[in-house]
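Biologist: Hi! Could you walk me through a protein model in plain words?

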Amino acid sequence: MKIAPSLLSADFLRLQKDIEFLNRNADLAHLDIMDGCLVPNISFGFSVVDALKDELTVPMDAHLMIVHPERWFERFAAAGVSFLSFHLEASGRNTAAFIEKIHSLGMKAGVAVNPDIPVRKLFKFIGQADYFLIMSVFAGFGGQKFIYESLDRVASLKEELIRRGDRAEIEVDGGVGPSNAAALRQAGADILVAGNAIFKAEDPESAVRALREA
Ligand code: DX5
Ligand code: ZN
């Protein structure tokens with residue numbers, strides 16, 4: 001599995017140190033963008049993302065937890081983001097058009113859903129989206145407890161992808177750690193996002209390794 005450490009749990013006073021850590025250990029750098037409207041929290045914006053552009057050697061994976069994500073697609077492309085996901089709760093009927101727009105800007109497109117959105121609502125975008133982001137906690141904060149039912153959601157999406165012969169990846173985000181990584185792999189996860197399980201670990205490097213090899 002690929003590992004995408006979530007910068008939300010990094011040490012913002014010593015970001016350089018955590019960027020070097022990401023460059024050495026991560027497959028993707030997961031950036032949580034929150035607007036205080038779609039989710040009950042505000043994170044960081046372009047002052048951080050632009051600064052990361054020249055420092056990160058691993059691709060940036062931006063997870064937009066914002067209303068009207070389409071207003072910012074070009075700006076994230078300019079910031080050097082390679083993987084861009086938005087929430088189905090924010091895109092509604094425009095989802096297919098948003099995916100197309102992200103593609104036209106040269107980025108991989110992901111569709112994210114919170115735990116209360118039936119996973120079958122994603123099936124319509126199989127064949128178009130490059131990846132699906134299954135939230136295993138309600139989006140907004142790091143350090144929450146993994147919702148166990150997420151395993152079934154991942155498995156049913158995987159089953160549908162296989163049935164249709166589609167190669168879209170499944171990214172899982174929220175409460176991911178050593179106690180659920182193996183089960184997530186078995187359920188069909190391709191990319192694990194982890195914040196606290198990596199940055200708050202005693203040995204973050206071996207935490208990444210353990211998740212990758214779960
Ligand atoms: C939550 C974010 C996550 C968060 C994960 O809304 O989307 O990416 O940083 O943090 P942990 O792994 O600590 O749950
Ligand atoms: Zn995230």
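Predicted model: local features only at pLDDT ≥ 70, side-chain atom pairs only at ≥ 80, totals over all residues.

Biologist: What is the strand order in the open sheet?

Modeller: Its eight strands run β1-β8-β7-β6-β5-β4-β3-β2, with parallel pairing. Strands are DSSP runs of E, at least two residues, and helices are runs of H or I, at least four residues, numbered from the N terminus. Two strands pair if DSSP finds at least two bridges between them.

Biologist: Which strands stand at the edges?

Modeller: β1 (2-5) and β2 do, and each has a single partner strand, so one side of each is left without a neighbour in the sheet.

Biologist: How many bridges join β3 and β4?

Modeller: Four, in the parallel sense, between β3 (residues 60-65) and β4 (residues 83-87). His-63 has Ser-85 in β4 as its bridge partner.

Biologist: Now the helices: at roughly what angle do α1 and α9 cross?

Modeller: The axes of α1 (residues 15-25) and α9 (residues 204-212) cross at roughly 35° and come within 11 Å. Axes are lines fitted to C-alpha atoms, for helices over the stretch in contact, with angles from 0 to 180 degrees between N-to-C directions.

Biologist: Which residues make that contact?

Modeller: Phe-21, Arg-24 and Asn-25 of α1 meet Pro-204, Glu-205, Val-208 and Arg-212 of α9. Contact means heavy atoms within 4.5 Å.

Biologist: What is the volume of the largest pocket?

Modeller: About 240 Å³. On a 1 Å grid over the protein atoms alone, a pocket is an open set of points where a 1.4 Å probe fits, with protein on both sides within 12 Å along at least five of seven lines; lining residues have an atom within 4 Å of a point. Points are joined across faces, edges and corners, and the volume is the space filled by probe spheres set on them.

Biologist: Which residues lie nearest its centre?

Modeller: Of the 24 lining residues, those are Phe-141, Gly-142, Gly-143, Gly-174 and Gly-175. β2 (29-34), β8 (191-194) and α8 (196-199) each supply at least two residues of this lining.

Conventions. Residues numbered from 1 in each chain as written. Chains lettered and ligands numbered in written order. Heavy atoms only, no water.
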